[in-house]
Amino acid sequence: MKLAAEERRARVGGPPGEWDVIVVGGGTAGSVTGIASARLGARTLVVEALGFLGGTATGALVTPFMRNVAGGKELNRGLTDEIKARLRAQGDGAVDPDGNDNWFNPEGLKFVLEDLLLEAGGEVLYHTYFVGAVVKEGWIQAVEVHNKAGLSTLRAKVFVDATGDADLAVAAGAPFQAGDEDGHHQAMSLRFLLGNVNLDDLSRFLTEIGLPQPCPSFMHFAMAWGSGSPLEPLFQKAVTEGVLQKRDGDYFQAFTVPGRPGELAFNCPRIDTKFDDGTNPWQLSAAQVDGRRAIRRLLNFCRRYLPGCEESYLVAVAPLVGVRESRRIVGDYVVALDDILNCRMFPDSICRNHYPVDIHPVRGRGRRWDDLTGTPYSHPDAFHEIPYRALIPKRVNNLLVAGRCISATFEAQASIRIQPNCHTLGQAAGTAAAMAAQNGVGVRDVDVSELKRILREQGCVV
Ligand SMILES: Cc1cc2nc3c(=O)[nH]c(=O)nc-3n(C[C@H](O)[C@H](O)[C@H](O)COP(=O)(O)OP(=O)(O)OC[C@H]3O[C@@H](n4cnc5c(N)ncnc54)[C@H](O)[C@@H]3O)c2cc1C
């Protein structure tokens with residue numbers, strides 16, 4: 001028997017009351033948003049499509065955290081520090097000989113984020129997809145979700161969109177941008193883990209060919225055509241011998257992972273550039289197939305050409321395709337490349353960034369840090385700020401956006417999107433959302449100097 005939507009909702013039953021804050025999406029930004037909001041005493045629910053927190057960091061196996069440092073100091077502190085300390089305490093995080101404490105095990109991160117959220121008093125609803133917004137005169141009344149119980153609505157005073165794709169903001173009528181000026185997105189990747197690697201042998205080999213490794217437990221190596229990597233002749237040979245396709249050398253990168261001895265996490269393959277839209281389910285499906293086929297080739301390549309990998313096996317292919325950039329909201333302020341290059345400061349700043357503009361292009365090579373030399377941003381002490389207004393989508397009064405889909409141009413997003421910034425943006429969004437809910441105001445009426453005072457008290461650099 002087919003039930004009308006209203007009847008189905010009534011049968012499933014409403015949620016137990018109303019939340020102060022509902023966060024849609026429990027990835028890097030969303031889980032931290034939930035923790036920050038719950039810690040301020042707001043009744044907080046995180047709605048997540050998957051069965052764990054961490055999103056791209058855990059489900060797409062994206063490790064390590066990229067370093068965001070100016071003047072020798074980390075710019076992301078607060079909850080980022082707590083997450084890293086918890087990871088180290090459970091053996092899933094580590095500090096390398098250079099003092100870089102950003103190495104982590106994605107599987108361990110799932111536990112850390114969940115513990116922190118639940119300890120703060122936050123609630124989580126897994127295996128639940130956001131599908132629609134109930135909006136009245138610019139105020140979101142409720143979100144419509146779908147899960148094994150069917151359709152239901154969840155009500156809150158304030159909402160945070162941390163879906164990475166701005167699903168809620170767009171459904172609520174907020175304007176957005178997507179891709180570059182031609183509508184092309186950054187390339188997607190399907191990451192994987194390789195096990196039973198003899199890291200001593202591999203480290204020795206890489207050091208011998210001119211890719212020195214600090215030690216076998218902290219390895220990082222990469223190759224892209226034309227980058228001058230000493231691995232290029234090996235790739236060329238593998239292409240000639242039919243083991244690899246030419247495109248497999250467009251981007252190849254691997255890292256060791258703390259807590260997983262003998263394993264490497266690969267930041268590749270890059271998906272066929274025909275498929276670049278992470279909000280198109282048909283393209284995402286094609287990307288999964290294309291990525292898995294490329295992983296089979298790379299597995300063969302590693303076993304046959306890389307000393308130390310002869311007996312290696314595939315531990316896991318990421319369940320999620322890695323989407324670097326999809327939709328970005330148009331907010332009360334749009335962070336632009338010019339703001340970054342000129343190290344722009346804002347009175348309502350809630351995050352500081354000094355990461356290169358890292359475009360993984362679908363055509364040709366990306367514009368990276370090298371191209372920015374001579375700008376104020378290239379100075380090692382430089383950083384730019386991100387204003388609170390970049391989290392506020394136009395046309396909606398009780399919604400903030402956190403993570404990779406905040407209000408920024410294509411180029412600016414390519415610098416901002418790294419996980420430590422997503423933490424800090426989430427901490428600001430969660431704190432501001434709780435303040436708005438508790439004071440009964442919209443997100444534009446949050447006292448920003450009070451918000452910054454609280455964030456500073458929590459250790460954030462603002
Ligand atoms: C291939 C790749 C490599 C990268 N390399 C690095 C790196 O080495 N280091 C680094 O720091 N950063 C790296 N980045 C960038 C960084 O990982 C991401 O920008 C960041 O993780 C995005 O976090 P987020 O919270 O905004 O989104 P996500 O982590 O993608 O979280 C979104 C969450 O929302 C959920 N969701 C989405 N839609 C819905 C819905 N409708 N209903 C319910 N839930 C929903 C998803 O399941 C997910 O959990 C990389 C990114 C990619 C793709």
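# A tour by selection

Select P269 to start: P269 lies in the loop between β15 and α9 (281-305). Helices (H or I, at least four residues) and strands (E, at least two) are DSSP runs numbered from the N terminus. This is a predicted model, in which local features need pLDDT of at least 70 and side-chain atom pairs count only at pLDDT 80 or more, while totals for chains, interfaces and linings use all residues. Residues are numbered from 1 along each chain as its sequence is written, and side-chain values use heavy atoms, with hydrogens and water left out.

**Cis peptide bonds**

The peptide bond running from C268 to P269 is cis, and its omega is near 0°. Now go to T63 and P64, which are also joined by a cis peptide bond, with omega about 0°. P64 belongs to the loop between α3 (56-59) and β3 (69-70).

**Positive phi**

Most peptide bonds are trans, and most residues other than glycine have a negative phi. Select A166, which is not a glycine and yet has a positive phi of about 60°. A166 sits in the loop between β10 (150-161) and α6 (167-171). Is A166 buried or exposed? Its relative accessibility is 0%, so A166 counts as buried. Buried means under 20% relative accessible area, exposed over 50% and partly exposed in between (1.4 Å probe, protein chains only).

C343 comes next. Its phi, near 55°, is a positive value in a residue other than glycine. Look for C343 in the loop between α10 (337-341) and β18 (349-353); with a relative accessible area of 15%, C343 is buried.

**Aromatic rings**

Show the side chains of Phe, Tyr and Trp. Rings of these residues (for Trp, the six-membered ring) pair if their centres lie within 6.5 Å; planes under 30 degrees apart count as stacked, over 60 as edge-to-face and the rest as tilted. By this rule there are twelve aromatic pairs.

Select W225 and F235. Their ring centres are 6.3 Å apart and the planes stand at 85°, so this pair is edge-to-face. The pair links distant parts of the chain, ten residues apart: W225 is in the loop between β13 (220-223) and α8 (232-240), and F235 is in helix α8. W225 has a relative accessible area of 15% and is buried; F235, at 0% relative accessibility, also counts as buried.

Move to F252 and F266. Here the ring centres are 5.7 Å apart and the planes make an angle of 55°, so the pair is tilted. This pair, too, links distant parts of the chain, with F252 in strand β14 (residues 252-256) and F266 in strand β15 (residues 264-266), 14 residues apart. Both F252 and F266 are buried.

Which residues do ring pairs link into a cluster? Select F192, F221, W225, F235, F252, F266, F301 and Y305 together to display it.

**Charges over rings**

The charged end of K246 sits over the ring of W225, 4.1 Å from the ring centre. Such a placement requires NZ of Lys or CZ of Arg within 6 Å of the ring centre and within 35 degrees of the ring normal. For another case, select K110 and F52: the charged end of K110 sits over the F52 ring, 4.1 Å from its centre.

**Loop positions**

Select G331, in the loop between β17 (327-329) and α10. G331 has 2% relative accessibility and counts as buried. Leaving out residues up to four places away in sequence, G331 touches R389, I392, P393, K394 and S407; contact means heavy atoms within 4.5 Å. To span part of the model, draw a C-alpha to C-alpha distance from G331 to G249: these residues are 82 apart in sequence and 38 Å apart in space.

Then select V95, in the loop between β5 (93-94) and β6 (103-104). V95, at 41% relative accessibility, counts as partly exposed. V95 and F218 are 123 residues apart along the chain, and their C-alpha atoms are separated by 9.0 Å.
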